[in-house]
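Student: I am new to this structure and would be grateful for a close look at a single part of it. Please begin with the surroundings of the ligand and then turn to one pair of helices.

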Amino acid sequence: MTSNASLDSREQEFAKISNALSAAIVDQTAQSIVALGDSLELLRRLPNNSISLILCDPPYHSTHKSNIRGDKAFTADSAFLDWLCSFAFEWQRILKRSGTVYVFCSSRMASRLDVAISDYFLPVSSITWTKPNEPGFDGWKGKMSKESLRQWYPHSERILVFEQGAYGDHMATCKTPLSVYLKQCRIAAGMTAKDLTGIIGAHGRVNHGGAVSNWETGRNIPSRDQYDCMVEALEDTGCIGTMLPYNDVVRPMNLTRDVEFTDVWEFPSVRPYRGKHPAEKPLEMMSHIVEASSYPGDVVLDCFAGSGVTGVASVLTSRRTVCMDVEEKWAKQTALNITEALVGEAQGELPL
Ligand SMILES: C[S@@+](CC[C@H](N)C(=O)[O-])C[C@H]1O[C@@H](n2cnc3c(N)ncnc32)[C@H](O)[C@@H]1O
């Protein structure tokens, strides 16, 4: 199947999402849907296997901010964790095999969230966002009385990254969705990893299974050309049907030499401005996530949209987006920001 086939399917899936959310939609363009309501309830309406990237920046609970809906809603940590696990249950259903989930959280809740969400997904990374302030915009850090601190002042946030799947027996042999699928197809086609490696000419230096073994054990990923070669060889055996397109099997990790590739990120925080969302994330950081972890045309979901920065990042990078917020003010702001970004783009303006 060609990548055009996956682009067509994304368009159809987007239309189905629009139907499913219809009454809750406050604004819609060809690339974006903004819905108002409790996102857990809205998620339950979404079709299975329809989303490629989930960005989730929920209330952090540990920060107890009264200007963020839900931040003070949980009297026990366990209730907060259970609440996010109800989301994870739905994400597992709606996320594509090649999809990625990013969950933002405070350093204090990160380890427990990582463990809780690992019941539903395979952990990929835990990113530390160091939130550097620009000179003159030091925020709370500048105002702290150091002498009265009883812990290291938390000046970073965590971004947990997950994919579909479950732990293998060992971290080195993760059962990723790609590895499970490839192995299934290869065995059904009656080929050994060594044979298949020979056919596609991707010999390993160490093991005889070469590149195919590495892909099947989740060590690295095939290029689009290598995948197409493999599909041809496996389908030609006549023992298996049409294999899934690359974009539906291989989780994207679109990195180049000139972008951040480690798990420590230094994107500057958003400077205060009139009307800023209290937890607004930098556009540059959200665009980095969207570009690295989705393909053009994919559907990106943000269930806690706030200012709508995920939506803006998505439309500006030729993705589709579904944004949800329970607060009318923020759902409307999201819609406005996406519209302005699309208009600015049409007029050739650069985003702020
Ligand atoms: C941490 S903020 C997100 C900020 C956003 N990432 C940005 O950059 O502007 C969390 C948002 O989730 C929204 N929210 C809280 N509970 C929600 C729920 N059950 N369903 C949908 N949105 C919710 C809040 O209104 C708030 O805008």
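Tutor: In this predicted model, 22 residues surround the ligand, and the closest are D57, A279, F304, G306 and S307. Two or more residues of this shell come from each of the elements α2 (39-43) and β9 (320-325).

Two packed helices are described by the angle between their axes and the distance between the axes. Helix α11 covers residues 283-293, and its axis comes within 9 Å of that of α12, with a crossing angle of roughly 55°. Because of that angle, α11 is oblique to α12. The crossing in which α11 passes α12 is right-handed. On the side of α11, the residues that meet the other helix are L283, M286, S287 and V290, while α12 contributes V309, T310, V312, A313, S314 and L316. The contact of α11 with α12 is made up of 7 nonpolar and 3 polar residues, with no charged ones.

V312 belongs to helix α12, which spans residues 309-316. Around V312 there are 28 C-beta neighbours inside 10 Å, and V312 therefore counts as buried; the threshold for that class is 20 or more. As a reference elsewhere in the chain, V250 is 62 residues apart from V312, and the C-alpha atoms of these two residues are separated by 25 Å.

How values were computed: Residues are numbered from 1 along each chain as its sequence is written. This is a predicted model: local features need pLDDT of at least 70, side-chain atom pairs count only at pLDDT 80 or more; totals for chains, interfaces and linings use all residues. Helices (H or I, at least four residues) and strands (E, at least two) are DSSP runs, numbered from the N terminus. A residue is buried if 20 or more other C-beta atoms lie within 10 Å of its own, exposed if 12 or fewer, and partly exposed in between; C-beta atoms are placed from the backbone. A residue is near a molecule or strand if its C-beta atom, placed from the backbone, lies within 6 Å of it. Axes are lines fitted to C-alpha atoms, for helices over the stretch in contact, and angles run from 0 to 180 degrees between N-to-C directions. Angles under 35 degrees count as roughly parallel, over 145 as roughly antiparallel, 65 to 115 as roughly perpendicular and the rest as oblique. A crossing is left-handed if the near helix is turned anticlockwise from the far one by less than a right angle, and right-handed if clockwise. Two residues are in contact if their C-beta atoms, placed from the backbone, lie within 7 Å. Ala, Val, Leu, Ile, Met, Phe, Trp, Tyr, Cys and Pro count as nonpolar, Asp, Glu, Lys and Arg as charged, and the others, Gly among them, as polar.
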